[in-house]
Amino acid sequence: YFYCFLGGESSQYEPYLVKNTTYVDAPKTPEEGYHLTEDLADNAIEWMKNHQALAPDKPFYIYWSTGAVHGPHHIMKEWADKYKGKFDDGWEAYRERTYKRLMKQGLLPANTKLTAIPDGMQKWADIPESQRPFQSRLMEIWAGFAEHTDYHAGRVIDELETLGIKENTLVIYLGDQGYLL
């Protein structure tokens, strides 16, 4: 069974969806609140319910792959607004705070050093003052998109508990963007 999008850079509001071998329309429109990540979670949950109803003693495998947090960064305003102002001091400052927090929490080895910023990467201080609000907003949108995705991954995992199979299920959750908010 396959239900997803084909190709990268897929719209999160109006994706080209494929169900098995057939292109299908999204179950609702963007005006009705459609978002790809939520739809993929809904579909995975429904599939697990059906599987448990039809073959509860058989194992299953789900590869749940979203478009997040690759471009385009499409997320509802309320998710991005949760991060309002969090990045206003720039990416170097945020990077430093994240490093210190991870070190304090013991999530990095004690000898971990924060890598130097690559020479080709623009420094926050070099961004014109007039462009910084835009750059901050891009980071807020990205963070909201990442949290929205984690929320819906949580829904899929929570369904395992509802179905009574969480204790006998292996979940591997990977993100390829290295995000730690």
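**Ground rules.** I worked from a predicted model, in which local features need pLDDT of at least 70, side-chain atom pairs count only at pLDDT 80 or more, and totals for chains, interfaces and linings use all residues. Residues are numbered from 1 along each chain as its sequence is written, and side-chain values use heavy atoms, with hydrogens and water left out.

I looked up the strand order and found an open sheet of three strands, 1-2-3, with antiparallel pairing. Strand 1 (3-5) and strand 3 (22-24) are the edge strands, each pairing on one side only. On average, neighbouring strands of this sheet are turned by 40 degrees against each other, direction ignored. For pairing I used the rule that DSSP must find at least two bridges between two strands. Strand 2 (residues 17-19) is joined to strand 3 by three bridges. I noted one partner by name: Leu17 is bridged to Val24 in strand 3.

Axes are lines fitted to C-alpha atoms, for helices over the stretch in contact, and angles run from 0 to 180 degrees between N-to-C directions. I picked out Asn43, which lies in helix 1. Asn43 counts as buried because its relative accessibility is 16%; the classes are buried under 20% relative accessible area, exposed over 50% and partly exposed in between, with a 1.4 Å probe and protein chains only. Leaving out residues up to four places away in sequence, Asn43 touches Tyr1 and Tyr3, contact being heavy atoms within 4.5 Å.

Most residues other than glycine have a negative phi, and most peptide bonds are trans. I therefore listed the departures from that rule. Glu9 has a positive phi, near 55 degrees, and sits in the loop between strand 1 and strand 2. Glu9 counts as exposed because its relative accessibility is 62%. Asn20 has a positive phi near 60 degrees and belongs to the loop between strand 2 and strand 3. At 41% relative accessibility, Asn20 is classed as partly exposed.

I also recorded two cis peptide bonds: Ala68 to Val69, with omega about -5 degrees, and Gly71 to Pro72, with omega near -5 degrees. Val69 is in the loop between helix 1 and helix 2 (77-81), and Pro72 is found in the loop between helix 1 and helix 2.

A pocket is an open set of points on a 1 Å grid over the protein atoms alone, where a 1.4 Å probe fits, with protein on both sides within 12 Å along at least five of seven lines; lining residues have an atom within 4 Å of a point. I read about 1,000 Å³ of space in the largest pocket. Of its 31 lining residues, Ile62, Tyr63, Trp64, Val171 and Ile172 are the closest to its centre. Helix 1 (36-54) and helix 4 (132-162) are the elements that give two or more residues to the lining. Helix 4 gives the most, five residues.

How values were computed: Points joined across faces, edges and corners; volume = space filled by probe spheres on them. Helix = DSSP H or I, 4+ residues; strand = E, 2+ residues; numbered from the N terminus.
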